[in-house]
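User: Can you walk me through this model? Start with the chain as a whole, then pick one element.

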Amino acid sequence: MEINEGVLDGVYAGLLGLFFTHEIDAALRREWRLLPVLRDMDEPRAQALFIWAHPPLFALILWGGADASINATRLGVAAFAVIHVGLHAALRSHPAYAFNGLGSRLLIGLTGVFGALYLVLAAAA
(Lines give C-alpha, C1' and ligand atoms only; values in the text may rest on other atoms or scores of the structure.)
Protein backbone atom coordinates (compact mmCIF):
# COMPACT_ATOMS: atom_id res chain seq x y z
CA MET A 1 0.00 0.00 0.00
CA GLU A 2 1.42 3.36 -0.99
CA ILE A 3 0.82 6.15 1.50
CA ASN A 4 0.94 9.72 0.22
CA GLU A 5 3.53 11.82 2.09
CA GLY A 6 0.97 14.61 2.34
CA VAL A 7 -1.30 12.31 4.33
CA LEU A 8 1.53 11.43 6.72
CA ASP A 9 2.43 15.11 7.06
CA GLY A 10 -1.20 16.00 7.75
CA VAL A 11 -1.62 13.30 10.40
CA TYR A 12 1.64 14.38 12.05
CA ALA A 13 0.57 18.05 11.98
CA GLY A 14 -2.73 17.05 13.59
CA LEU A 15 -0.84 15.04 16.20
CA LEU A 16 1.35 18.02 17.06
CA GLY A 17 -1.63 20.37 17.18
CA LEU A 18 -3.40 18.09 19.63
CA PHE A 19 -0.29 17.43 21.69
CA PHE A 20 0.68 21.10 21.95
CA THR A 21 -2.90 22.01 22.89
CA HIS A 22 -2.85 19.28 25.54
CA GLU A 23 0.28 20.91 26.96
CA ILE A 24 -1.60 24.21 27.30
CA ASP A 25 -4.30 22.28 29.14
CA ALA A 26 -1.58 20.58 31.21
CA ALA A 27 -0.31 23.95 32.39
CA LEU A 28 -3.85 24.99 33.34
CA ARG A 29 -4.31 21.71 35.22
CA ARG A 30 -0.91 22.00 36.97
CA GLU A 31 0.46 18.76 35.58
CA TRP A 32 3.81 19.35 37.31
CA ARG A 33 2.09 18.17 40.50
CA LEU A 34 2.02 14.67 38.96
CA LEU A 35 5.58 14.51 37.66
CA PRO A 36 8.49 13.01 39.59
CA VAL A 37 11.02 15.64 40.72
CA LEU A 38 8.67 18.57 39.97
CA ARG A 39 5.97 17.40 42.38
CA ASP A 40 8.46 17.62 45.26
CA MET A 41 9.44 21.23 44.49
CA ASP A 42 7.78 24.37 45.74
CA GLU A 43 4.90 25.40 43.47
CA PRO A 44 6.39 28.52 41.80
CA ARG A 45 9.66 26.76 40.92
CA ALA A 46 7.93 23.60 39.64
CA GLN A 47 5.55 25.69 37.53
CA ALA A 48 8.39 27.73 36.04
CA LEU A 49 10.44 24.64 35.20
CA PHE A 50 7.42 22.92 33.66
CA ILE A 51 6.60 25.91 31.47
CA TRP A 52 10.17 26.77 30.47
CA ALA A 53 10.98 23.16 29.57
CA HIS A 54 8.43 23.34 26.76
CA PRO A 55 10.00 25.88 24.33
CA PRO A 56 13.17 23.83 23.78
CA LEU A 57 11.15 20.59 23.73
CA PHE A 58 8.72 21.95 21.14
CA ALA A 59 11.61 23.41 19.09
CA LEU A 60 13.36 20.03 19.05
CA ILE A 61 10.17 18.25 18.05
CA LEU A 62 9.49 20.74 15.25
CA TRP A 63 13.08 20.82 14.02
CA GLY A 64 13.61 17.07 14.28
CA GLY A 65 10.39 16.27 12.48
CA ALA A 66 10.87 18.71 9.62
CA ASP A 67 13.19 16.83 7.26
CA ALA A 68 11.06 13.86 6.20
CA SER A 69 7.54 12.48 6.35
CA ILE A 70 8.90 9.52 8.33
CA ASN A 71 11.88 9.91 10.63
CA ALA A 72 12.98 8.99 14.15
CA THR A 73 11.58 12.16 15.72
CA ARG A 74 8.15 11.70 14.19
CA LEU A 75 8.06 8.01 15.08
CA GLY A 76 9.18 8.80 18.64
CA VAL A 77 6.57 11.53 19.11
CA ALA A 78 3.85 9.26 17.69
CA ALA A 79 4.89 6.35 19.94
CA PHE A 80 5.01 8.64 22.98
CA ALA A 81 1.51 9.93 22.14
CA VAL A 82 0.21 6.37 22.44
CA ILE A 83 2.17 5.69 25.65
CA HIS A 84 1.01 9.05 27.00
CA VAL A 85 -2.60 7.83 27.03
CA GLY A 86 -1.52 4.95 29.27
CA LEU A 87 0.39 7.29 31.57
CA HIS A 88 -2.70 9.41 32.04
CA ALA A 89 -4.81 6.32 32.70
CA ALA A 90 -2.32 5.18 35.33
CA LEU A 91 -2.35 8.60 37.04
CA ARG A 92 -6.15 9.00 37.15
CA SER A 93 -6.34 8.06 40.82
CA HIS A 94 -3.58 10.50 41.88
CA PRO A 95 -5.05 13.20 44.17
CA ALA A 96 -3.57 15.99 42.02
CA TYR A 97 -4.95 14.59 38.74
CA ALA A 98 -7.15 17.26 37.15
CA PHE A 99 -7.73 16.01 33.58
CA ASN A 100 -11.25 14.80 34.29
CA GLY A 101 -13.23 17.07 31.98
CA LEU A 102 -14.39 16.04 28.53
CA GLY A 103 -12.07 18.50 26.78
CA SER A 104 -8.99 17.24 28.61
CA ARG A 105 -9.92 13.62 27.99
CA LEU A 106 -10.55 14.29 24.29
CA LEU A 107 -7.18 15.99 23.85
CA ILE A 108 -5.38 13.09 25.53
CA GLY A 109 -7.33 10.42 23.66
CA LEU A 110 -7.20 12.05 20.24
CA THR A 111 -3.47 12.65 20.61
CA GLY A 112 -3.11 8.90 21.16
CA VAL A 113 -5.37 8.11 18.20
CA PHE A 114 -3.36 10.38 15.89
CA GLY A 115 -0.12 8.88 17.19
CA ALA A 116 -1.36 5.36 16.52
CA LEU A 117 -2.67 6.37 13.09
CA TYR A 118 0.68 7.91 12.18
CA LEU A 119 2.51 4.73 13.26
CA VAL A 120 0.17 2.51 11.23
CA LEU A 121 0.44 4.70 8.12
CA ALA A 122 4.24 4.97 8.47
CA ALA A 123 4.52 1.18 8.75
CA ALA A 124 2.43 0.81 5.59
CA ALA A 125 4.45 3.38 3.64
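This is a predicted model: local features need pLDDT of at least 70, side-chain atom pairs count only at pLDDT 80 or more; totals for chains, interfaces and linings use all residues.

Analyst: Of the chain's 125 residues, 34% count as buried.

User: What secondary structure does the chain have?

Analyst: Four helices and zero strands. In sequence order the pattern reads α-α-α-α. The radius of gyration is 15 Å, close to the 14 Å from the globule rule for 125 residues, so the chain is as compact as a globular protein of that length.

User: What box do the C-alpha atoms fill?

Analyst: Roughly 50 × 25 × 20 Å, along the principal axes.

User: And contacts: what share comes from residues 24 or more positions apart?

Analyst: Those pairs make up 73% of the chain's contacts with a separation of 6 or more.

User: Switch to helix 2. What does it span?

Analyst: Helix 2 covers residues 43–64, which is 22 residues. From first C-alpha to last it reaches 32 Å, close to the 32 Å expected at 1.5 Å a residue.

User: Where does helix 2 bend?

Analyst: At His 54, by about 25°. A proline, Pro 55, follows within four residues.

User: Is His 54 buried or exposed?

Analyst: His 54 is buried. Ala 46, Phe 50, Ile 61 and Gly 64 of helix 2 are buried as well.

User: What covers the buried residues of helix 2?

Analyst: The cover includes helix 1 (5–28) and helix 3 (72–91).

Conventions. Residues are numbered from 1 along each chain as its sequence is written. Side-chain values use heavy atoms; hydrogens and water are left out. Helices (H or I, at least four residues) and strands (E, at least two) are DSSP runs, numbered from the N terminus. The expected span of a helix is 1.5 Å times one less than its number of residues. The bend at a residue is the angle between axes fitted to the seven residues ending there and the seven starting there. Buried means under 20% relative accessible area, exposed over 50%, partly exposed in between (1.4 Å probe, protein chains only). Contact means heavy atoms within 4.5 Å. The radius of gyration is taken over C-alpha atoms; the globule rule is 2.2 Å times the number of residues to the power 0.38.
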